[in-house]
Amino acid sequence: MRTLELDPDSDTNIASVPTEIRHEHARSLITRNRSPDVPFNVSINPYRGCEHGCVYCFARPSHSYLDLSPGLDFETRISAKTNAPALLREALSRPGYRCEPIALGINTDAYQPIERELQITRQLLQVASDFNQPVSLITKSALILRDLDLLGDMAERNLVQVAISVTTLDNNLKRILEPRTASGATRVKTIRALCEAGVPVSALIAPVIPLINESEIEDILDAVAFAGALSASYILLRLPHEVAPLFCEWLREHFPDRANHVLSRLRELRGGKLYDNRFGERMRGQGVFADLIKHRFAIAARRLGLSTERSLALDCSRFHVPGDDQMALF
């Protein structure tokens, strides 16, 4: 048990939260994706649960598999796969391994606060660099700047791309929506620092919440484009399983005047339900209001010269197992 140390860039006054870190000895690491909605085939998640505490997080239901609650347990009882770097080195060294980009930190943030102490993500990046293994990352934390030395070096070999999630530029909204995360302004500064180091960066507005942060789409795109982001995309709010009642409770507590309106709009976007898990629909929604968000985003991105392609072509041709060249000499 430890007390969660808040990110110094979080701009939040929320009290410290007792957090339990479980050191997990994982049996496997690389997960294959079956969804056509996301631009990657394989991923690695060094942590289960996330200290950031984002109320909308689609990964919350996964904590049920650990017999823990998707609510407070998800934020305060974190599993850290401390043997992940060794597992990755082992997987990449197998004779049958076929190189393709690996997405790092997809379900839960690979740069959540405990990473400052455990440095599992940094070790994973070091292994990837040693093998010339391409990696993509997504985070909402400025902690990623700690690893600029590795990221910059990998970027020179076209082995890395980073997506920074910017949900809102409104600190008051951030404090209640994503309580233990960096402010929107800090995330924009993070984009700038990565770009200045030569790391290709995209921005992700996720989630777009109707009548909550929806009005910020153009302002966020302006800010990330000015910071140097090459591309941008968005994801409509998803409320799978236990996330729906958690979000509804949050909505009625913080926005009682518009809660019913927001929920009604969400149902319009989801074919009459709060969530539609069908491929092709779950990320963007359907109907008039979904089309309006899509067009607003596209017009703003085009005006700013931001690509809407969701990923760059990373270089898999450089991949090699360290030591193979030396062994060949014998």
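**Ground rules.** I am working on a predicted model, where local features need pLDDT of at least 70, side-chain atom pairs count only at pLDDT 80 or more, and totals for chains, interfaces and linings use all residues. Residues are numbered from 1 along each chain as its sequence is written, and side-chain values use heavy atoms, with hydrogens and water left out.

**Salt bridges.** I took a salt bridge as a side-chain nitrogen of Lys or Arg within 4 Å of a carboxyl oxygen of Asp or Glu. That rule gives me 17 salt bridges. I checked Asp147 and found it bridged to Arg122, with the closest N and O atoms 2.8 Å apart. Asp147 is in the loop between β8 and α5 while Arg122 is in helix α4, so the pair ties together parts 25 residues apart in sequence. (Helices, H or I of at least four residues, and strands, E of at least two, are DSSP runs numbered from the N terminus.) Arg122 is partly exposed at 21% relative accessibility.

Glu214 is buried, with a relative accessible area of 9%. I also noted one network, in which salt bridges that share partners join Glu115, Arg122, Arg146, Asp147 and Asp149.

**Helix α5.** I listed the buried residues of α5 (residues 148-156) and got Leu150, Leu151, Gly152, Met154 and Ala155. They pack against α4 (120-131), β8 (135-139), β9 (160-165) and α7 (184-196), taking contact as heavy atoms within 4.5 Å. Just after α5, I see Asn158 with a positive phi of about 55°.

Most residues other than glycine have a negative phi, and most peptide bonds are trans, so I went looking for exceptions. Asn132 is not a glycine, yet its phi is positive at about 55°. Asn132 lies in the loop between α4 and β8 and is buried at 10% relative accessibility. Leu211 has a positive phi too, about 65°, in the loop between β10 and α8 (217-227). Leu211 is partly exposed, at 25% relative accessible area. Last entry: a cis peptide bond joins Ala206 and Pro207, omega about -5°, and Pro207 is in strand β10 (residues 201-208).

Notes:
Buried < 20%, exposed > 50% of the residue type's maximum accessible area, 1.4 Å probe, protein only.
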